[in-house]
Amino acid sequence: IYDRNGKLIAGVELFDNLKVSVMNIDDERKNRLYNDILSILVKNNEELDMEFSSYLSFNPIKFQNEDKEELEKWQKDNFNLSKPILEPLEFFIYLKNKHYKIKIELDDESTYLLMAMRYEEEIKQKLNNSFTISESISMRTKAEISEKGHEMPGVWIEEVYKRKYFEAENIAHVLGYYGSISQERYEKIKDEGYSVNDLTGI
């Protein structure tokens, strides 16, 4: 897109997203695989696309929503808890030991990230058979994931195009943007034939 003087103000750029297929493997193998992926992402300072932190935060470990009824509903709907666990640390331990069965020796932060990734898989598998862990990964991460591809079944890199703006502050508000569908938007447009992994213009 050019302005009236022929100056480029917006174009399309290629990015790499890291994706994982939902796999029917046991908890131990899945936890080890996801931990290996997270180790690379964290080391390379990649951004993680996870909704878990909207409900349970780390450092300190606490519930983000203190409304008891909403918390009970979230736990019942996603973790099959007939009796809610209202103490954050107790809930953290329950997820680690019973729900996700994490037996790997990890520090609390690494355990939290692993639980967040498992949660992401659980909510996304209701909508599709794959999910995005990290968007716009670096070339370094891409190389490491590609090199270890034979050790990471169901993990792949997806090339996507996104609009990029050049020296045009706030122009996105005028032209809109092109990117992944948010969970909220997907719920509104899923009956129109969209997949949770589709890209849309907004």
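Helices are DSSP runs of H or I with at least four residues, numbered from the N terminus. The legends below refer to a predicted model.

**View 1. The buried face of helix α3 (residues 88-99).** Buried residues of α3 are Pro-88, Phe-91, Phe-92, Tyr-94, Leu-95 and His-99. These residues line one face of the helix, because they fall within an arc of 160° when seen down the axis of α3. They pack against β2, β3, α2 (68-79) and α4 (108-125).

**View 2. The two ends of helix α3.** At the start of α3, the backbone nitrogen of Leu-89 has a side-chain oxygen of Glu-87 within 3.0 Å. Just after α3, Lys-101 has a positive phi of about 50°.

**View 3. The cis peptide bond between Asn-59 and Pro-60.** Omega is about 5° for the bond that joins Asn-59 to Pro-60. Pro-60 belongs to the loop between β2 (56-57) and β3 (62-63).

**View 4. Asn-45 in the loop between α1 (27-43) and β2.** Asn-45 is not a glycine, and its phi is positive, near 55°. The relative accessible area of Asn-45 is 69%, over the 50% cut-off, so the residue counts as exposed.

**View 5. Ser-136 in the loop between β4 (130-134) and α5 (139-147).** Ser-136, also a residue other than glycine, has a positive phi near 55°. With a relative accessible area of 31%, Ser-136 is partly exposed, because this value lies between the 20% and 50% cut-offs.

Definitions and conventions: Residues numbered from 1 in each chain as written. Predicted model: local features only at pLDDT ≥ 70, side-chain atom pairs only at ≥ 80, totals over all residues. Heavy atoms only, no water. Buried < 20%, exposed > 50% of the residue type's maximum accessible area, 1.4 Å probe, protein only. Arc of directions from axis to C-beta. Contact = heavy atoms within 4.5 Å. Polar contact = N/O pair within 3.5 Å; in protein donor to acceptor, adjacent residues only side chain to side chain.
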